[in-house]
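I opened the model and kept notes as I went. The entries follow in the order I looked things up.

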Amino acid sequence: MTPTIHARKQEHVEIARHSKDADRRKYYFDAIKLTHRALPEIDYDNINPGTRFLQKPLTFPLLISSMTGGTGEDLAFINRNLAIAANATGIAFATGSMRILLEDPAALPAFALREIAPDVPFCGNIGAIQMNYGITPDQIAKLADQTKIDAIFLHLNPLQEASQPEGQTRFSNLLPKMEALAKTLPIPVIVKEVGSGISPADAKRIIEAGIQHIEIAGAGGTSWSRIEYERDRAPDNPGQCFEDWGIPTPDALLHLHPFRKQVRLIASGGVRTGIDMAKACILGASLCGIARPLLEPACHTAGAVIEQVQRLRREFTTAMFLLGTPTLNDLIDNHSLLLS
Ligand SMILES: Cc1cc2nc3c(=O)[nH]c(=O)nc-3n(C[C@H](O)[C@H](O)[C@H](O)COP(=O)(O)O)c2cc1C
């Protein structure tokens with residue numbers, strides 16, 4: 001029997017929270033060495049890690065990447081805590097897939113968070129593959145309207161679908177539908193993966209389709225094939241074999257470097273510290289996304305999420321101090337900071 005979207009989301013959240021194998025723990029950013037400045041010639045207090053995203057200010061370049069939402073109070077609770085924390089700390093926030101909202105209006109409280117996060121970029125999410133299974137640009141526009149989001153993340157997840165017992169794997173002719181959506185929707189469409197990364201060939205096609213933001217969601221952190229394997233555990237489920245599949249996030253950034261002026265690159269997938277964030281910015285990202293590490297705190301309180309975000313900001317600012325870079329412009333795409 002096919003599980004409901006709600007039941008599947010709850011299983012995903014449970015496994016993501018409690019299975020240590022849900023995270024690959026590859027720490028690919030550790031291989032990148034930076035040039036420490038013993039003489040930074042700047043004052044810590046004068047460092048400004050602030051930036052803008054979707055025409056709104058951020059205190060530093062962090063996005064809470066897409067995770068959840070649904071009909072249950074538990075999922076709404078997680079999203080409310082994330083939204084409160086994003087607004088309190090001045091960072092961007094994206095909900096998980098809003099597909100359930102097309103089927104069940106009871107899911108609205110988990111996604112209608114604009115009033116909780118009025119000051120920061122607040123975004124929605126839906127699987128691009130849904131457009132090959134009947135969801136139309138008009139329906140997506142209605143979701144955007146109902147929730148007052150600033151942008152929508154369109155996720156590409158072929159590995160996850162291929163490892164999911166009830167997976168939807170008809171990926172042919174998806175790009176023209178993504179292009180049509182980007183042309184008609186009044187808000188930006190941001191294309192993302194969910195943990196296997198975006199290749200240069202795909203980035204080129206995505207950019208040619210008129211899309212101006214890409215969230216890499218590369219390999220290194222949360223493994224969706226592993227999570228689907230944990231749900232299914234059938235002997236022929238490929239999810240365990242493919243748990244490390246994908247382009248490591250720092251490699252994806254290096255390979256997408258030629259496109260950095262045409263598209264805004266959001267680095268995510270295994271970003272775990274403010275040092276990882278600084279490295280991602282040096283490699284060309286103008287924003288970094290973190291998902292699973294913020295899930296557990298969000299299951300408790302908004303304050304617990306705020307604590308994690310403040311830790312990340314302190315780490316990121318300290319890295320900027322030790323690299324002698326007073327502003328984000330001094331950091332982003334500055335390859336001279338890499339230790340050659
Ligand atoms: C519990 C959970 C639910 C997720 N749900 C979605 C989703 O609905 N849509 C989506 O695009 N990505 C989803 N993701 C993927 C994340 O946005 C992110 O791309 C991925 O987890 C890699 O980042 P991380 O290593 O920091 O977790 C989810 C991740 C987690 C942990």
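Which residues of α1 are buried? I keep in mind that this is a predicted model. I found Lys9, His12, Val13 and Ala16 buried in α1. Down the helix axis, these buried residues fall within an arc of 95°, so they line one face of α1. The general rule is that an α-helix has 3.6 residues a turn, so residues three or four places apart point the same way. On the other side of α1, I noted Ala7 and His18 as exposed.

Next I checked the length of α1. The helix covers residues 5-18, which is 14 residues, and at 1.5 Å a residue it should span 20 Å. Its end C-alpha atoms are 20 Å apart, so expectation and model agree.

What do the buried residues of α1 pack against? I listed α2 (73-89), α9 (224-232) and α12 (295-298).

I then turned to the ligand. Its shell holds 26 residues, and Gly96, His155, Gly221, Thr222 and Ala291 come nearest. I sorted the shell by class and got 10 nonpolar, 14 polar and 2 charged residues.

Core entry. The largest nonpolar core has 99 residues. Leu82, Ala86, Phe93, Ile152, Ala285 and Cys288 touch the most other members. I followed up Ile152. Leaving out residues up to four places away in sequence, Ile152 touches Cys123, Gly124, Asn125, Ile126, Ile140, Ala144, Leu185, Ile187 and Val189.

Backbone entry. Most residues other than glycine have a negative phi. I looked up two residues with a positive one. Gln55 has a phi of about 65° and is not a glycine. I placed Gln55 in the loop between β1 (51-53) and β2 (56-58). Gln55 has 7 other C-beta atoms within 10 Å, so it is exposed, the limit being 12 or fewer. Asp333 is also not a glycine, and its phi is near 65°. Asp333 lies in the segment after α14 (328-331). With 17 other C-beta atoms within 10 Å, Asp333 is partly exposed.

Last entry: is Gln310 buried, partly exposed or exposed? Gln310 sits in helix α13 (residues 302-323). I counted 14 C-beta neighbours inside 10 Å, so Gln310 is partly exposed.

Definitions and conventions:
Residues are numbered from 1 along each chain as its sequence is written. This is a predicted model: local features need pLDDT of at least 70, side-chain atom pairs count only at pLDDT 80 or more; totals for chains, interfaces and linings use all residues. Helices (H or I, at least four residues) and strands (E, at least two) are DSSP runs, numbered from the N terminus. The expected span of a helix is 1.5 Å times one less than its number of residues. A residue is buried if 20 or more other C-beta atoms lie within 10 Å of its own, exposed if 12 or fewer, and partly exposed in between; C-beta atoms are placed from the backbone. The arc is that of the directions from the helix axis to the C-beta atoms. Two residues are in contact if their C-beta atoms, placed from the backbone, lie within 7 Å. A nonpolar core is a set of buried Ala, Val, Leu, Ile, Met, Phe, Trp, Tyr and Cys residues joined through C-beta atoms within 7 Å. A residue is near a molecule or strand if its C-beta atom, placed from the backbone, lies within 6 Å of it. Ala, Val, Leu, Ile, Met, Phe, Trp, Tyr, Cys and Pro count as nonpolar, Asp, Glu, Lys and Arg as charged, and the others, Gly among them, as polar.
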